[in-house]
Amino acid sequence: MRSMLLYYRRLASPLHATRAGVAALWVASLSTATLLLYHPLVLLVLLIAVLAAGAGAGVGRSLLRSMRTGSIVWLPIVLVNVLVSRDGLTVFARLGDLGPFGQGNLTLEAVVFGSVVALKVMLLILVTTLASLAVDPDETLRILRRLSFRSALTASLATRMIPVLAADSQRLAEAQRTRPAGPPRGARGRVALLRAVIGGSLDRAMDVAATLEVRGFATARRAPRMPRPFSRHDAAFLASAIAVVVLALLGRLTTVARFDAYPEVHAVTGVATVALAAGLLAAVLAPFADRKGIER
Amino acid sequence: MSGALLAFESVSYRYPGVDEPALSDVNLEIGPGEFCLLAGLSGHGKSTLLRAACGLVPHFHGGDFAGRVRLAGLDTREHGPAHLGAVAGVLFQDPETQLVMSTVRAELALALESRGHGAAAVARGVEEVALALGIDSLLDRSTHGLSGGEKQRVALGAALAGRPRVVLLDEPTSQLDPVAGDELIGLLRRLNQEWETTILLAEHRLERCLAVADRVIALERGRIGCDGDPEAFLAWALSDAPALQTPAAKLFALMGMRPPPTSVRQARAALRAHGLLSDEERSEAGHAEQPAQPKLRAKARRVPNSAAALEMSSVWHELKDGPAILRGVTLRIGPGESVALMGRNGAGKSTLLRHAAGLLEPTRGRVRRAGRVALLLQNPGDYFIHERVCEEVSQEALLPAGLLGMAARNPRDLSGGERQRLALAIVAGEGDPPALLALDEPTRGMDRDAKAILARELRRRSSDGQAVIVATHDPEFAAACADRAVLLADGRVIADGTASELLAGGWYFATETARILGGAGGALLPEHGAQLLQAPARGAPSPADAATSSSLAAAPDAPGEGDQPPQPAASVAPGAAR
């Protein structure tokens, strides 16, 4: 009965109290850091920071659920990298001549690099989940509507339709379970079911389109600017976003967080690396310390 | 034409690919501040007329359109729904498809923003409409997490945010419980009286809103069959469209009394004037005794363990991160028993039925079933996955469902009642009948005829020994199909008794007949009310005599189609409805 979908709900947290534009920038800074950095220790600390931020925003359980679901990408990424990479030196298995693919030598370096990439993908999944749970989509889209009303509204509609269609398909699946013979089996049955789902979705889309028509979608104009004073939460998250990007650039452009997977695994791990990781952790979590004025 | 806010001039319309016209030569004028009720059976053009009024017909739906519709002087052939939306707010049946934004505040603001209002005007408009509709506490809530009633209110708020001069509503109460439905009608009346907003409301359960309407427009096969005040409409329905009669009007028709009443108050006043209802005590109608009150702390009814088709013992359904939906429900249903499950939206009715069918496992407690439980969920369309009716079930199963002649049709082209019967045939299955048949809100959007057919089908199954449980918001349907009623509130069974006990004594969960008679004799349906009133009373004139002697009365009309002639008074036991 309960939807497993992740959608925005206004909760009592500093992140939810921050204006959508700043919150989106803050989340974008986490993605940027994820993309810039490769050092496993720093990435692991960033993962912990994101999970802790999720807990601070009141969506920790949802993030953990998302991490469990996302963990299925780990093995395929590592496996593909091990099979296609030819750069490592530490061979732990030889598959022999694979014809057009050359020698099938599986290396430790490919396993490590595949794991780092999987960790980065996991981080991106978590950051996206955090954004969808804690950044007000209506406010974000209002900002975008000032640029292109229809595109933004279509995006808004798509956002709204996801839970609606998911609820529809959940309902349909439940209805099929109540058939005396159970849900249709075999390829033909599944095709019929898929057709019914698509047909239902199109009916839904038509109804929503009719609603939009009568709400003036066809004559839509630019959304008005909604003035809102800059709060201390806005300032804190903006400062945090800047700090995260600066630290990530520091890690990328200097040797502080240098990591090479090929030809042999080499990771700089010194006080500076630990300090960078700690700095990132502090920068991400600092805005959550201020809970004054947060609605309960 | 002058002074009309909405005018139809010889309007005919045919949907694309359909031979039958949905509207035929409709001429109509509605003035500012009128509260108009749109009546008619399913498929007779109510929704199409509303869609033509707001420009969706023909701009959105296409098809063949003839004639002219003017809304506030704007010709709908030249102005599309977006332009007309500044004058007309529209509320459709399903609130789920009318919310397009993520939060309530953004939803209410959308129409204002898209019409180019400034920030201050948007903020003020949102605040005002939220206060007017009592949804200010919902402003920062996610639209996804609202209840059905809340969603419908927010959708109404979005339609009203631009302060339209006319509001068009298509069965807005069909998914609401009686309390939320009455609240919505009251709200519309207030808008109409305080803001002079013109209301055009399509509705099947006319008894709910006839008393507040200034005018009723009845559609018959796309044509206007009747256009007059509620009294004129009821007089017309008595002779020309018995299926549109309200229970009160039907009661009066069976009694041979005229004119038919438009409200409970009017009906009671008329009965009192004829000496059929005491001035002192409402329970004295007929000379029947007041039914026993249902047990407020409900105990499971005594059905022997071995005989129970369903036995729920202290069933709890608790959400991991949320409240308990069911709180220790104990319920036994015997074979052949028919039970109406009632309660507000969110009371736990659907969850209870899912537990009965085994779709959910209780977090605490136990559910025992004597055999298969067939569950028909709220949307019959969810069961249809084939292109033809005969592919969904066998010909043998189509016969009792009354669908044999429709074997080659697409299930999605069937009427609401036919779809429901087909879905019922699918879940009931072939071969051994289910031990329990559970139906979740099966009458949504159905007209009275379709409800009567479904009630008869459920009665037939019940008399064949199948236990039946129906979750419904419709007391009239509950009275027609069930012998026992269970009232659920906040996940608990708060009352469990015979239908005549439970549905006769309340305000909201009571039939119109019961409200007229003040619960006397446990009479729920017009037929029973007429029997009760026609029993020789304490020296009062018989209703027929009273009607004849009344200056208001004309010769009694024949009862409407499907009406049962009153039974001799001697056959009615005092205090018993059935």
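Residues are numbered from 1 along each chain as its sequence is written, and chains are lettered from A, with ligands numbered from 1, in the order in which they are written. Because the model is predicted, local features need pLDDT of at least 70 and side-chain atom pairs count only at pLDDT 80 or more, while totals for chains, interfaces and linings use all residues.

**Chain A**

Select chain A, whose secondary structure comes to 11 helices and 4 strands; helices (H or I, at least four residues) and strands (E, at least two) are DSSP runs, numbered from the N terminus. The C-alpha trace of chain A spans about 65 × 60 × 35 Å along its principal axes. Of the 296 residues in chain A, 35% are buried, a residue being buried if 20 or more other C-beta atoms, placed from the backbone, lie within 10 Å of its own.

**Where the chains meet**

Now show both chains: 46 residues of chain A are in contact with 51 residues of chain B, contact meaning that the C-beta atoms of two residues, placed from the backbone, lie within 7 Å. On the side of chain A that touches chain B, pick out α7 (137-145), α8 (149-177) and α9 (186-214), each of which supplies at least two residues. Coloured by class, this side of chain A has 25 nonpolar, 6 polar and 15 charged residues, where Ala, Val, Leu, Ile, Met, Phe, Trp, Tyr, Cys and Pro count as nonpolar, Asp, Glu, Lys and Arg as charged, and the others, Gly among them, as polar.

**The domains of chain B**

The contact takes 7 residues from domain 1 of chain B and 11 residues from domain 2 of chain B.

**A sheet in chain B**

Next select the open sheet of 3 strands in chain B, which has the order β12-β11-β14 with antiparallel pairing; two strands pair if DSSP finds at least two bridges between them. The edge strands of chain B, β12 (324-333) and β14 (364-369), each pair on one side only. Strand β11 (residues 310-318) of chain B is joined to β14(B) by 5 bridges, and the bridge partner of B:Met312 in β14(B) is B:Val367.

Technical notes: A residue is buried if 20 or more other C-beta atoms lie within 10 Å of its own, exposed if 12 or fewer, and partly exposed in between; C-beta atoms are placed from the backbone.
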